[in-house]
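Welcome! Take a moment to look over the model below, and then we can walk through a sheet and a pair of helices together.

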Amino acid sequence: MTASSDALQRPRVKMKPKSNARAIRHGFPWVYANELVTDRRTRKLAPGTLAVLEDEAQHPLGLVSVNPESKIIARMLDRDPEAVIDQAWFAARLSRALDMREQLYDAPFYRLVHAESDGLPGVVIDRFGAACVVQPNAAWAELHLDALTAALAEVTGTGVILKNASGRTRSLEGLDDVNQTLLGETPAAPVPVQMNGATYMADLTGGQKTGLFFDQRENHAFAARLTGPGAKVLDVFSHVGGFGLAMLAGGAGHATCVDGSAAALELAARGAEASGFKDAFTARQGDAFDVLAALGEEDASFDVVICDPPAFAPSKQALEAGLRAYERIAKLAAPLVKPGGYLGLCSCSHAADLSRFRNASARGIGKGGRRGALIHTGYAGPDHPQLPQLAESGYLKAVFFRLD
């Protein structure tokens, strides 16, 4: 079937009068449910259906995927309404994404695809050497997973491709949470990943998300610059040792990593051993708020304290509660920093913009009885490109303070 004949058979969906079609023309990739004419025909479309999006005057805007069950009812896939979504289409987008990563990184360990920013809405792909982990977080990607998998193997030469279905977004799209191996053999052991002079252990099958958070790489490197010989550092919400191992590699004398997950801390300990830092590493399992409070009661002090919590404000509805949680973390962490030491606070909540997060952090530092000067603001690395039109793509913020 040719592209043109295929396009003629596609359903057409139309934006409502006075909806913001201009934003779509200028690169915004989503159409919300209240912006689209949702007649009976549109509501009956199966999640992930490809359709031609039209403005209110019925001028085509491009090819979209439609999911009537989602608040994001349409996602822009291609400006060409006649585009064919097949292995060649995926290969072209993956090749473009790969070109940049290979230019930026010496080894194949990075986020290969960052969803809308790389032209694959709702799709996240992290690369771990010879293995790739795919998160198809939108219905259209699930429907085209075979073509995506084949293109990924073609472009990267990888022999192992895993599907991770744990993302919160999948449930919003009406998708299941079943992980599977799409290509090759399931890894039997964690994969060692070299970053910033340390070795991290990534569990690609049982770990959180895809097994490792590449987005903090540059912020890990900055934190490492804050450490001197013999420095004591504290990494709270450490996962597999993100900031702690990087700071040890940067010269710190001892790192304490705190996390609620025993499995994550075991991987952190294995990473410390593989990095040659076994004797300089301590794990402390428990609720981060409780551990921070306990450390305060113990009069513990550190040269550098980093807190990198999960998204406390994953939605606008959770924003105020999330900001209070960020403030409380800062309040508990600030007293643990030695005078002249450093406090790094992170947020991966897209609903909490930089200004609100920074203000909540500063309030918490003040309520903790300390005064801090902001010395650096960090973001996700370049393998997590931001789409300027989509604030959600710039979710990660890291603010570093020097405390009096």
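Two strands count as paired if DSSP finds at least two bridges between them. Strands themselves are DSSP runs of E with at least two residues, helices are runs of H or I with at least four, and both are numbered from the N terminus. This is a predicted model, where local features need pLDDT of at least 70, side-chain atom pairs count only at pLDDT 80 or more, and totals for chains, interfaces and linings use all residues. Residues are numbered from 1 along each chain as its sequence is written, and side-chain values use heavy atoms, leaving out hydrogens and water.

Let's begin with the sheet. Its five strands run in the order S1-S3-S4-S5-S2, giving an open sheet with mixed pairing. At the edges lie S1 (12-14) and S2 (30-32), each pairing on one side only. Inside the sheet order, S3 (residues 49-54) joins S4 (residues 60-66) through six bridges in the antiparallel sense.

Now turn to the helices. The axes of H12 (residues 319-333) and H13 (residues 354-367), which are lines fitted to C-alpha atoms over the stretch in contact, come within 7 Å and cross at roughly 40° (angles run from 0 to 180 degrees between N-to-C directions). The two helices are therefore oblique to each other, as angles under 35 degrees count as roughly parallel, over 145 as roughly antiparallel, 65 to 115 as roughly perpendicular and the rest as oblique. Where do H12 and H13 meet? Among the residues in contact (heavy atoms within 4.5 Å) are Leu-323 and Tyr-326 in H12, and Phe-357 and Ile-365 in H13.
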